[in-house]
Structure formats: structure tokens, C-alpha cells
Amino acid sequence: MLTSHRNTSQGSPTALLDAVDHSVPTAPADDSRSGGHVLVVGAPGPRRERLTRTLRATGHEVSHAPPGDVDRRMAQAQPDAIVALDDRGAPGAHDDRGPDVIREVRTAPAGRALPLLMVTDGPGPSGVADMLRRGADDCIPEASDPVELSARIEAKLRRVPVPVENLPRDPRTGLYSHAHFLDELDRELQRPEAARSGGVLAVVRVAEMAALEARLGQRIRREVAERLAGVAERLGSFCDRLGWDDDGHLLMLLPGVDEETARRGLEKFAATVAGTRFIVADENVRLTPAIGWLPLAGCADGDRATGQARDAVQEALRHRDLRPVRYAPWMHGTPHRHRRPSLSALIRPALSALSPVLALLLGVAVPFVLYLQTYALGWDLGSAMYWVVVAGLVLSALLIVLECLFSLDAAARPESPGAPYPPASAVIAAYLPNEAATIVETVESFLRLDYPGELEILLAYNTPHPLPVEDTLREIAARDPRLVLLPVAGSTSKAQNINAAVTRVRGEFVGIFDADHHPARTAFRDAWHWLSNGHDVVQGHCVIRNGESSRVAELVAVEFEAIYAVSHPGRTRLYGFGVFGGSNGFWRTDLLARTRMHGSMLTEDIDSTLRALGEGARFAVDRTLISRELAPTTLKALWNQRSRWAQGWLQVSLRHLWRSLRSPVFTARQKLGLFVLLGWREVQPWLTLQILPILLYSAWKAGGLQRLDWAVPVCVLAVLFTMAAGPVQALFAWRMAVPELRSRGRWFWSYLLVSTFFYSHFKNMVARQAHLKEALGDRQWRVTPRAAAAKAVARR
């Protein structure tokens, strides 16, 4: 690149701009060439007019664009070159006007490859160097001869451009071409093992690439890679070298980095990309990065290593949950194939079937033998554990009573919105073979919602084979454009459906619903009152609408009032944070885009809650924000549902409890709540079982059950207080219930009796079995069909 800052004319310091007026000789005519179309960028005024006359006098066609309007003017008539006035020295001009013009030209797609010359007012060597680094092709002082300006423009126009792919590195973006990135990777792999510590190769693709290409063509691949590279560069030094390939993958080389540091850096990169709105080909889009990676240790060939990372990318694309996927050999060539079942996987179902027996052995037999052995050694551990168990049961009952009392003082919904009603989106996640009987009714209930702003209803669904109900849904969508159908190919979970939907929604906030939910007409309006007044997520009140279907559905209907009308508001008031319950929850779209749902978690809703809370998000609970759903109608369906819930809570506890207690984000009050929610609830089912081995031990020590003193005042009071917690909760559930359930007084009396003498023990049994299933690695999701009739069975 030729750059000169000599004053090649005599006299006036603005010879270039004054040349025509003062008859300075111009370039000799040359009929064999055309001057080309030059776009002059600068504010209207004498300087721009003199530059225009100079260019026209040297044989160029000239058009104008004021700063801020370059992209539109280029779209009207594509120029061959751009000459911009750097007016930093002009009176009242900003010092960064020159760099602003360069940024504006280079940001516009049509201006990236055009020659850009800056006409400067003597900014000095440092100013010229800064403009060249920012993307200017040349700088010429205003004191230069018009012949020199014309020659410089002609030189740029005649020069054959070098394709960026042929350069080792794109000088504008810093991206290596594919071939040169592989050279860099091979150079790193050829270093002796002793000379390189750690190192990771990562490949990134966006899930929306196919849709973008369908609309904008293959040229979009490079632009997307550049946007991703820009995010990586903003995050700092976690990535050493960046490249791209013809398929639009961003290639990352992280030498000298251990696996854990690389994983954290890639997670931060993914969350940043997902939380950013990008301008791609003049469209405002969200991107979902899918990241595959592998350590460099053991790699010998860069091309093969890159291919393996691409295999991991395919696995990451299935989930769209922003988690980087480490390459494993089973992924090679078949992203949907899973590993061959091991012997432990074959015997796991049998062990799971025996889990009630295992629970008795672990929870009763083992402690009883332990108490006997320690007694023989002179330690009366059994008697000490008796008081531990009593204290634990009393504490559990006290926490229930406190939640009930605090629910009376739950925060009320703000009376008015803090901002005008923005566009909103409802996402209905569905597995169509499971929801075929209810989905049309659900969609029609959403189309009847009353919301002052724009509302779209996006049905994100998966199905292994076409179903007749899809034709009905397409007819509804053709009739009402608010309904958007989004089939999610390859999805195996609700989480994947939500992740696919979140980048497609247009709303500023998103309501998430299961496929059997019928929200209240004003649900979205009411949710915005919370979100516009400082909250990021609001969880509503899920009400059972098929309680008359069976005694099981009736039981669940009252239990949901105890959960959503009493426990959730009470816990939020008591501990200072709410919880997203998986449906009838409303998220700010930006937060949901960064958080996503992790399909590997059986309760992806609680997992997403903990991750969002860890970012400082504010959760509210509103028992007046109602949506009606279906309940399980058989004991087997209820067992399967609650078993999944219990196992999912355990997964969340194992992943988040210790991390949350150490986090500086949470207050001491919130940490206490997290300990109760994630720690104590996992201990309690086993603690309650300890009463059996303790009684057996006490009877053995006393010489028989008839010799035990059952009338110890402290014990009697503890038992009475513990048993009273259930009736108190039932009373508060009736007091806070929605009117249609509050009128069913018999249901609450029935719940009180069944819960005290059966249901609480049933849930403890479910929790203990779920713990054993998780320990055995049995994480099978058992789907139960839904139906619209009274015999409806819901999995959620």
C-alpha cells in the first residue's frame, strides 16, 4: 500500500481542495481509461464542494453521502471508490470523526472491499497510522496535488484484488483461512509434548446457518464466522488463533490451556454469543453457537482433529443448550448413534426394579446393624440418632408452617406496567404423539388471549412420524398468522424444543408452557407488570383443570394449590428468590437466550432457575397469574411423574448446591433457602426412614416393644407438631386456592387425611427410589400420553 504525506504543491496548504479554483494543473486527459464512480463522504460545505470539483476535473463521476448515510447511498449506486473527508480539524468537529467514517464504510456490506481514501487535514503520523489500522486504504493530505489524488484512486481501481482466502490471515478480521489455520494447528501438534502444555481445538457452528443460507445465500457463512470471531476477540485472550472454513465453521486454537479453563472460556463465549443480537446481512438475528472441542494431547493430524471436533459439533447441534461438547469416539460419523450398551446398562433396569428393597436395606437394615455394632463398642449411637431424627422432623414441620405464614405476606403484582406493552411470544413445547388429543384445544385457547401488544404463539414440537393433527395445525396457522409452527427435527426433549424456539421468537419476553396448559386471558399482560418493574422471570400459578377425572387427579389438584398458592409464594417471601416451575413461567427473552434449557437434566426448569439466579436474575412468583393444566389420573402415572421430578431435583442439587453456597452472588438469606431447597429436601426422605431402625434398636436394647416408654412428653409434643404440619398446609391451601377449587371442600379434607397417612410416605418412597436410580445411572424419561377427555393422563 502506497501512502504519502508530502506537500507536493507550493503555496496554499489546501492545494488539493483549491486546485480547480486556482487553476493548478490537473491530470492530463487519457481517453483510454475511465475515472470511475467516486463516492465523496463528508458534511456539505465548501471543502466537499472543492473536492467534488477536483475529482470531476480529473475525470471521475462523483456522488455524495453525509456521514451516517453511506450505506443507503451505496445501495442506490455502487461506487468504484470512496473518498472521505477527515474533518477532525474542522471547527466543532469531533476528534473521532475520521475513525467513525471508516467504521461506517467498513461495516456496510457493500463497502468492505471498496478502496477508501481519507483526505486529511494534517493529523500527523499517529493519526494516519490509526486510520490505516482501522481500515482506510490510503491517506492523502489536503495539500497534495490533484494529480496525485487521481493517480492514487486509479492505482486502487487497476490493482487486481487478492482474495482473502489466499492470504494467510484476513487483515481486517484476523481470521486465518482454512488451509492456513490447519498449518497453524499442525505446527502446534508437531511441537514436542514436553514443550506444549495442554491445548484445545474447538469448532463452532450456529444452529441457524441453514435457515440463514436459504434466505441469504452461502455468502452468509463468512459473515457469521466474522461475527463469532468478533465476540471471541472482545472476550480477551482465552483464544489464541481463529480461523474459518468454507462451511461457515469458526475454528479456534487454544494452545497451552488446560481442559477446565478451555471449557469455562467456551461456555462464556457461547453465552455471550447467544445473548447478543447480531446484524447479519442487514437482518437482526440471534445465533445459537454449537461448540465441539477436543484436547490436543494425543492428536497427531490437524485435519483429523478438526473433523473430530466437527462430529462433536453435530452432537451439540442436537441440544442447542450452549454447552460445549467434548469429542468422544462414539460420535464419529453418526451423531445420533449412542454407545453400545455395557453390562452395567443391561442390568441397571433390574436393579432399578429392586430399588424399594435396596432402599429398605440401605435405610433400615444397614443403620440397625450399625447401631448394634457401635453399641457393642460402647457407643450408644442409636439413642443419639433418635434425637437427631426427632429434631429433623420438627424442623421439617417448622419450615412448612413458616412457608404457610410467609405466603400470607407474598408480594402483590404491580398495578401498572413500568413500560409500554412490547411484542411478546408464547412458546408451547410439545411431543405430538403425546399431545395429539389436546394440542388443538391448547392452541385455540392461546389464540383467545387478550394482550395489548403484538403476541405470537410458537408451537415448537417434535414427532417421529407425520400425524393427522399436523394438517389441522397448519390450517389454523394459515387462518391466524399469530400461530407459528416450528417442527424441531431430531429433538428428544422439551428442552431442545424450547432452545430451538428461543432464537426464532420476536417478543421481548417469552411465556413457556406445556402442551396441556390453558393460560388466563390476561396472563401475558399481567406478566409484563412484573417484568417491566425490575424482574427477569415470573412464575405463575398452575391449576389442575381435570380434578374430577379420578381420585388421583383430585389429590394432585389440592397438592398443586399447596405448591403454587402456598409454598412457592411463601418460599419466595421467606428466602428472597423464586423458582421457575417449567410451565406458566415468563422470561425476558435475552435472559432465556443466554440461559437455555439443558436436556440432560430431568428437571431442566429448576436447573435453568439456578443458573439464571447465579447470574443475578430476579425471580418473582404470582399466585394470581393462572394457567390450567391436566393432572395424572392413575397412581402409576403419578409415580412416574414424581419419580422424574425427584430424580431431577437430586441432579440439580448435586450440580448446584455447593457452587451456590460458595457464590458471592447470593445473600446469606438466599443461601439458607438454597440449602433447604437443594440440601435438606434430599436428606429428609432418608431421615424419616430412620425412625424404623431406631425403634428396632430401642426395642432390642429395652428387651421388647412392650417395655418402651411411649409417653415421653418431648416425644409426644414433637409427634403432634410434626403431624399438625400437614393439616396446617391443607388449611392454607384451601384459604389461598382459586375459587373453583376452594368450593370443593371435600377435596381438601380428603387430601388432609390421605396426605397425613399415605401420600407423604408415598412421596418419600418415590424420592428414595429416585436417589437410587440416579446412583445407578438410570435416567430414562417415561412418557405418559395425554388426552383431552376425563381420562386424561399428563406427564407434567
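Four bridges hold E16 and E19 together, and the two strands run antiparallel; two strands count as paired if DSSP finds at least two bridges between them. Helices (H or I, at least four residues) and strands (E, at least two) are DSSP runs, numbered from the N terminus. Opposite Ile512 stands Gly585 in E19. Strand E18 (residues 537-544) also runs antiparallel to E19, joined to it by three bridges. Here Gln539 is the residue that stands opposite Gly585.

A word on the model before going on: it is predicted, so local features need pLDDT of at least 70 and side-chain atom pairs count only at pLDDT 80 or more, while totals for chains, interfaces and linings use all residues. Residues are numbered from 1 along each chain as its sequence is written, and side-chain values use heavy atoms, with hydrogens and water left out.

## Aromatic pairs and a ring cluster

The structure holds 21 aromatic pairs. Rings of Phe, Tyr and Trp (its six-membered ring) pair if their centres lie within 6.5 Å; planes under 30 degrees apart count as stacked, over 60 as edge-to-face and the rest as tilted. What makes the pair of Phe509 and Trp528 stacked? The ring centres of Phe509 and Trp528 are 5.4 Å apart and the planes lie at 20°, so the pair is stacked. This pair links distant parts of the chain, with Phe509 in strand E16 (residues 509-514) and Trp528 in helix H19 (residues 523-531), 19 residues apart. Phe509 is buried, at a relative accessible area of 0%, and Trp528 is buried at 2%; buried means under 20% relative accessible area, exposed over 50%, and partly exposed in between (1.4 Å probe, protein chains only).

Trp587 and Phe619 make an edge-to-face pair, with 5.8 Å from centre to centre and 80° between the planes. This pair too links distant parts of the chain: Trp587 belongs to strand E19 (residues 585-588) and Phe619 to strand E20 (residues 619-629), 32 residues apart. Both Trp587 and Phe619 are buried. Ring pairs also link a cluster made up of Tyr421, Phe446, Tyr451, Phe509, Phe513, Phe524, Trp528 and Phe586.

## Charges over rings

Two arginines are worth a look. Arg681 lies over the face of Trp649, at 4.1 Å from the ring centre. The charged end of Arg742 sits over the ring of Trp734, 4.5 Å from its centre. The criterion is that NZ of Lys or CZ of Arg is within 6 Å of the ring centre and within 35 degrees of the ring normal.

## The parallel sheet and its helices

Five strands form an open sheet in the order E2-E1-E3-E4-E5, with parallel pairing. Strand E2 (61-65) and strand E5 (138-141) are at the edges with a single partner strand each, so one side of each is left without a neighbour in the sheet. On average, neighbouring strands of this sheet are turned by 25° against each other, direction ignored. Strand E1 (residues 37-41) is joined to strand E3 (residues 81-85) by four bridges, running parallel, and Val41 has Ala84 as its bridge partner in E3.

Helix H2 (residues 46-57) lies across E1, E2, E3 and strand E4 (116-120), at about 160° to E2. Helix H5 (residues 124-134) packs on the sheet and touches E4 and E5, its direction making about 150° with that of E5. Axes are lines fitted to C-alpha atoms, for helices over the stretch in contact, and angles run from 0 to 180 degrees between N-to-C directions.

Leaving aside its neighbours within four places in sequence, Thr52 is in contact (heavy atoms within 4.5 Å) with Val62 and His64. The side chains of Thr52 and His64 make a polar contact at 2.7 Å. Such a contact is a pair of N or O atoms within 3.5 Å; within protein, one must be able to donate a hydrogen and the other to accept it, and residues adjacent in sequence count only if both atoms are side-chain atoms.

## The mixed sheet and the whole protein

A further open sheet of five strands has the order E7-E8-E6-E11-E12 and mixed pairing. Its edge strands, E7 (241-244) and E12 (325-326), each pair on one side only. E7 runs antiparallel to strand E8 (residues 250-254), with four bridges between them.

Overall, the protein has 28 helices and 20 strands, and buried residues make up 53% of its 796 residues.
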